There are 2 protein chains.
Amino acid sequence: MGITKTDLFTKEQNELAVLAKAFAHPARIAILQYLLDSNTCINGDLVNELGLAQATISQHLRELKNAGLIQGNIEGVSMSYCIDPEKWEDVKELFNGMFDKIHNCGPKDECC
Amino acid sequence: MGITKTDLFTKEQNELAVLAKAFAHPARIAILQYLLDSNTCINGDLVNELGLAQATISQHLRELKNAGLIQGNIEGVSMSYCIDPEKWEDVKELFNGMFDKIHNCGPKDECC
DNA sequence: ATTATATATTGCAATATTACGATGAATAGG
DNA sequence: CCTATTCATCGTAATATTGCAATATATAAT
């Protein structure tokens, strides 16, 4: 029915899914990579950088902000975004907590 | 328009987005965690474990398989799934390549 | 062959996402 | 005050996702 049954899952599972959803669009990845690269935070240069309309970029920025991955600071007329370093660290650890849970499958990888 | 303009982005950006999309549902996280935990790979126990219909689980499994995260082996009547260890390692490195790109912001976190 | 078991696929309804033009709000400069 | 600039929000169209019942397929056992 297009609606996710979040109540069936743990808090951690839902948290990971929400964060993954924030990463689940190449424009948002591109925005994050841009921010990672230019540390000094950026606004609507993204409109020129990516080939998307201003409204679309704004929408993606809002989603990244809702997920807590980025912050926005008013800078006169323009809006300056940047990655939230603490959240970023949390997210990294949350994902790696999952990535690292894989077992060592013995000498000949007989997992399955 | 509901369609992602993949041609605007790099191969890596699209790859990350596709993988993130595979993670972007708590049921799929739950399935992966189950597989990570029971190493010995699992099939429709997931239907009992999670509270979702068999068809729904099957659909999620297909998406995880399409993303390359899991493999399916026919085991008599049933289907045995497991995580693809090599792909898992690739995915981990791809995500960490992004996570680790964050700059050290100097003594007082003056990023923005 | 028939039945039981296990999983995949199809078809559909409800909802979510993506994209953009148009419009609104807020600031800076004249 | 008027205008330009920058960004957010609204409304809308196109498409994707989620979930499940029903049905199909495939193997194993009797």
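**Note on the two-chain model**

1. Start with Tyr34(A). Tyr34(A) sits in helix α2 of chain A, which spans residues 26-37. Keep in mind that this is a predicted model. Beyond its neighbours within four places in sequence, Tyr34(A) is in contact with Ile42(A), Asp45(A), Leu46(A) and Glu49(A). Then look at Cys82(A), which is 48 residues from Tyr34(A) along the chain. The C-alpha atoms of Tyr34(A) and Cys82(A) are 9.7 Å apart.

2. Next, the relation between the chains. Chain A superposes on chain B by a rotation of 180°, with 0.0 Å of shift along the axis and an RMSD of 0.0 Å. The two copies are thus related as by a two-fold rotation axis. Both copies use the same surface: 100% of the contact residues of chain A recur in chain B. Which residue of chain A comes closest to the rotation axis? That is Ala20(A), with its C-alpha at 2.5 Å.

3. Now a helix pair within chain B. Helix α1 (residues 11-23) packs against helix α5 (residues 85-99) at an angle of about 115°, and their axes are 11 Å apart. α1(B) and α5(B) are therefore roughly perpendicular to each other. The crossing of α1(B) past α5(B) is left-handed.

4. Finally, the residues at that contact. α1(B) brings Glu12(B), Glu15(B), Leu16(B), Leu19(B), Ala20(B) and Phe23(B). They meet Lys87(B), Trp88(B), Val91(B), Leu94(B), Phe95(B) and Met98(B) of α5(B). By class, nine residues of this contact are nonpolar, three are charged and none is polar.

Notes:
Residues numbered from 1 in each chain as written. Chains lettered and ligands numbered in written order. Predicted model: local features only at pLDDT ≥ 70, side-chain atom pairs only at ≥ 80, totals over all residues. Heavy atoms only, no water. Least-squares fit on C-alpha atoms with pLDDT ≥ 70 in both. Contact = heavy atoms within 4.5 Å. Axes fitted to C-alpha atoms, helices over the stretch in contact; angles between N-to-C directions. Helix = DSSP H or I, 4+ residues; strand = E, 2+ residues; numbered from the N terminus. Parallel < 35°, antiparallel > 145°, perpendicular 65-115°, else oblique. Left-handed = near helix turned anticlockwise from the far one by under 90°. Nonpolar A, V, L, I, M, F, W, Y, C, P; charged D, E, K, R; others polar.
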